Amino acid sequence: MDDGFDPQLGGSPIARLVDAFHRLPGIGPKSAQRLAYYILRAPEQEARDLAEALIEVKQSVVLCSRCQNVTDRDPCRVCADTSRDRTVICVVEEPLDVVAIDRTGGFRGLYHVLHGVISPSDGVGPEDLKINELLARIRDFDQDVAEVIVATNPNLEGEATSMYLARLLRPLGLKVTRLARGLPAGADLEYADDVTLGRAMEFRQEA
Amino acid sequence: MPGRAPRVTKTEAIVLRYRRLGEADRIVTLLTPHRGKVDVVAKGVLRSRSRLAGHLEPLTLLEVVLAHGRSMDVVTQAQAVESFGPIHNDLDRLSAAMYFLELADRLTVEHAEAEAVYRLLHVALTRLARGDGQQVVSRTFELGLLEATGFRPELTVCLGCGQPVGADRASWSAVEGGVYCAACAAKRDDVFVIDPTVLRVLRAYQSQPYEEAGRIRLSDDLAARLEGVMHSVMHAVAERELRSARFVSASRRARVLAEAYEAEQGDEANEAGEVEASAEV
């Protein structure tokens, strides 16, 4: 992947760095060049800090043995926090979803990260997700849990995953809920799809 | 390209799947009646205010306007016509629908006419949505797909010698897609004895009109065996593992477990009720 790069740089340390940046998500060839030349001009300490941060994140970040979120200590801060509500677990697809939900401040329970979603077209089945880990932690650690909130994305894969989880969890005597679905902030009714608009109507609230 | 009107086409399509393209775009795979399977670009659909997003979900039948692009067409308008709502509320039907989409995807090639497959898929999804039995819908969809793509399984005469085979002693080859008589089966190593009831049901599904076939009552156990036989045929024809088929089976197993648990709970509740009743006496 060296198209768009200066041919004079082929194989040089700069080309290697540009190539490394280019592989990152959302970084095109131009941005990769800009970043590489920024590093080249920056003080050596800055480059060293970046390099160390990169190595450290790979060496010290592990998955929390309870919630499977990425963490530098096990159990993670959320699982170890005794002030949180231990009767409810919110199941999400990815670690970034934990960040998004925690930012709302409206949820004080525990999390569980599946690391994906059931998606046959991408070759991902239930056995590829952290579902067994969820069943095991409810059985062994978090016996106070009464409700599991499935916060998968409101698409086909997310729906399939949430219904599959409900089928596994209800026999354990748990209440299984999923996030409400409706119109996003700033939306336009005229352009809303039928499923979304239908659900918004079905789960309407008193004004 | 300034000064030149973009060439556009309007078509009906069923969304099979999508994959991410860059920051907020998607490549959506559509099955269309006249242009077969096509990959198109949907721009900005990952943004929450996208006007296209909800309409371009898999398992949606839509009217779509495509502008011809250099390598791929670009979606300019999309309006969902049918989103098969009831399928989304039931795991068995949803997993079956995901399996149908994967089959339609695997058994078609890009830009090759696939009207028969499109019609079969539309009919099967409509039947699932209105609540027809998942087994009869799935099995007749599979048999119809096989027929439309030139893989019609031979269920009545031996693939080896051409003689009629009785259901009670038929052997089955998923790779060859049909039955063998005992004598021919003895010479092969890719066959196994097929359950006579499974074969009779498959023959009925293949030869009878859909409405007749739908009246056949299946136990959970028979349904599982029927599913196993047909999944192995589809697997052989698609020449790869069908993950959605495994998910259909996993969902069914989870349902059987959940139902067993509920029955148990019901029994316990009944017993508790009986104890209370006897205490009152």
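Of the 207 residues in chain A, 27% count as buried, where buried means that 20 or more other C-beta atoms, placed from the backbone, lie within 10 Å of a residue's own, exposed means 12 or fewer, and partly exposed is anything in between. All of this comes from a predicted model, in which local features need pLDDT of at least 70, side-chain atom pairs count only at pLDDT 80 or more, and totals for chains, interfaces and linings use all residues. Residues are numbered from 1 along each chain as its sequence is written, while chains are lettered from A and ligands numbered from 1 in the order in which they are written.

Chain A has eight helices and six strands; these are DSSP runs numbered from the N terminus, with helices (H or I) of at least four residues and strands (E) of at least two. Starting at the N terminus, the order is α-α-α-β-β-α-β-α-β-α-β-α-β-α. The radius of gyration of chain A is 22 Å, well over the 17 Å that the globule rule gives for 207 residues, so the chain is more spread out than a compact globule. (That radius is taken over C-alpha atoms, and the rule is 2.2 Å times the number of residues to the power 0.38.) Along the principal axes, the C-alpha atoms of chain A fill a box of roughly 65 × 50 × 35 Å.

Now for the strands of chain A. Strand E5 (residues 147–150) of chain A runs parallel to strand E3 (residues 88–92) of chain A, joined by four bridges; strands pair if DSSP finds at least two bridges between them. With helix H7 (residues 156–169) of chain A, E5(A) and E6(A) make a right-handed β-α-β unit: with the strands pointing away from the viewer, the path from the first strand over the helix to the second runs clockwise.

Helix H5 (residues 95–104) of chain A lies largely in the open, because the number buried among its ten residues is one. Just after H5(A), A:Gly105 takes a positive phi of about 70°.

Most residues other than glycine have a negative phi, and most peptide bonds are trans. The bond from A:Asp74 to A:Pro75, however, is cis, with omega near 0°. B:Phe84 counts as buried because it has 20 C-beta neighbours inside 10 Å, whereas B:Glu239 is exposed, with 7.

Where the chains meet, 30 residues of chain B are in contact with 27 residues of chain A, contact being C-beta atoms, placed from the backbone, within 7 Å. Helix H8 (243–280) of chain B and helix H1 (91–106) of chain B each give two or more residues to that side of chain B, and H8(B) gives the most, with eleven.

Finally, the largest nonpolar core has 105 residues; such a core is a set of buried Ala, Val, Leu, Ile, Met, Phe, Trp, Tyr and Cys residues joined through C-beta atoms within 7 Å. H1(B) gives the most to this core, with ten residues. Among the residues with the most contacts inside the core are A:Val91 and B:Leu31.

Terms used:
Two residues are in contact if their C-beta atoms, placed from the backbone, lie within 7 Å.
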